[in-house]
Amino acid sequence: MGRAFQNRKESMAKTSDQKAKVYSKYGREIYVCAKSGGIDPNGNLALRSLIDRAKKDQVPTHVIDKAIDKAKGGGGEDFDTARYEGFGPGNTMVIIDCLSDNPNRTFGDVRTCFNKVKCKIGGQGSVSHMFDHSAIFVFAGDDEEVVLEALMMADVDVTDIELEDGKVTVFAPNTDYGKAKAALTEALGDIEFDVDEIQFVAQNTSPIEGEELEQFERFLDLLNDLDDVQNVYHNAEF
């Protein structure tokens, strides 16, 4: 699982180098999260984690504050979540998460990205059954047994724990996100998470190279250039 997760992180790093796009995506996601769950990060765990992640990605404070102030007003855009699935170059499997104020436009834009690389968008559930929807935490540590015990005591259904190069990686079902984070913080104190996210992790990877790799990277660029696209998950192995 760790390899698939790392592939996903590295591929996103290649396509998230346009700061304005990154700021816009975070601003939209923070706005939606604050509007739906409350503007106080202490009472909205998802918002607090999202703000922490934005800061690690060097999103300016004024961008974060503006999104929260916007949610505080109660008006503004009415964004809905949308998820699309399909097969990319090299028969890779792809999941695209979006926030959209116009689902018809967003679907058309995403479908165009598939068409440009001669691939097809699929129906709901066409590939997501081959991914685990996981809460993922990465932090400095050297004792996975202590971590496992803390999570089991909190009744977290741990999927996997990895220890490599002084870093512990915990995988748990997305539904156990809050419970897992609380258990880790309580057991280990004020830890700093390198990764604190919910995402789709491929159960198996699909190696691609040559022309298929070039097409796949172009496909990722096309998707990440869309304002409505928040995250792209895949099983490609570079």
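User: A salt bridge is a side-chain nitrogen of Lys or Arg within 4 Å of a carboxyl oxygen of Asp or Glu. Which residue forms a salt bridge with Glu197?
Analyst: This is a predicted model, in which local features need pLDDT of at least 70 and side-chain atom pairs count only at pLDDT 80 or more, while totals for chains, interfaces and linings use all residues. Residues are numbered from 1 along each chain as its sequence is written, and side-chain values use heavy atoms, with hydrogens and water left out. The closest N and O atoms of the pair are 3.9 Å apart, and the partner of Glu197 is Arg53.

User: How many salt bridges are counted between domain 1 and domain 3?
Analyst: By an automatic or database domain assignment, the chain is divided into domain 1 (16-73), domain 2 (80-128 + 204-234) and domain 3 (131-202). Four residues of domain 1 and seven residues of domain 3 make the contact (heavy atoms within 4.5 Å). Between domain 1 and domain 3, the count of salt bridges is one.

User: What area is buried between domain 1 and domain 3?
Analyst: The centres of domain 1 and domain 3, taken over C-alpha atoms, are separated by 23 Å. Buried area is the accessible area (1.4 Å probe) that two parts lose on being put together, summed over both. Carbon and sulfur atoms give 45% of the buried area, which is about 480 Å².

User: How many residues apart in sequence are the parts that Asp228 and Arg105 tie together?
Analyst: The structure holds 10 salt bridges, and one of them joins Asp228 to Arg105, with the closest N and O atoms 2.7 Å apart. Because Asp228 lies in the loop between α8 (210-224) and β9 (229-234), whereas Arg105 lies in helix α5 (residues 103-116), the pair ties together parts whose separation in sequence, in residues, is 123.

User: What does the C-alpha trace of the chain span along its principal axes?
Analyst: The chain has eight helices (DSSP H or I, at least four residues) and 10 strands (E, at least two). Along the principal axes, the C-alpha trace spans about 50 × 45 × 30 Å.
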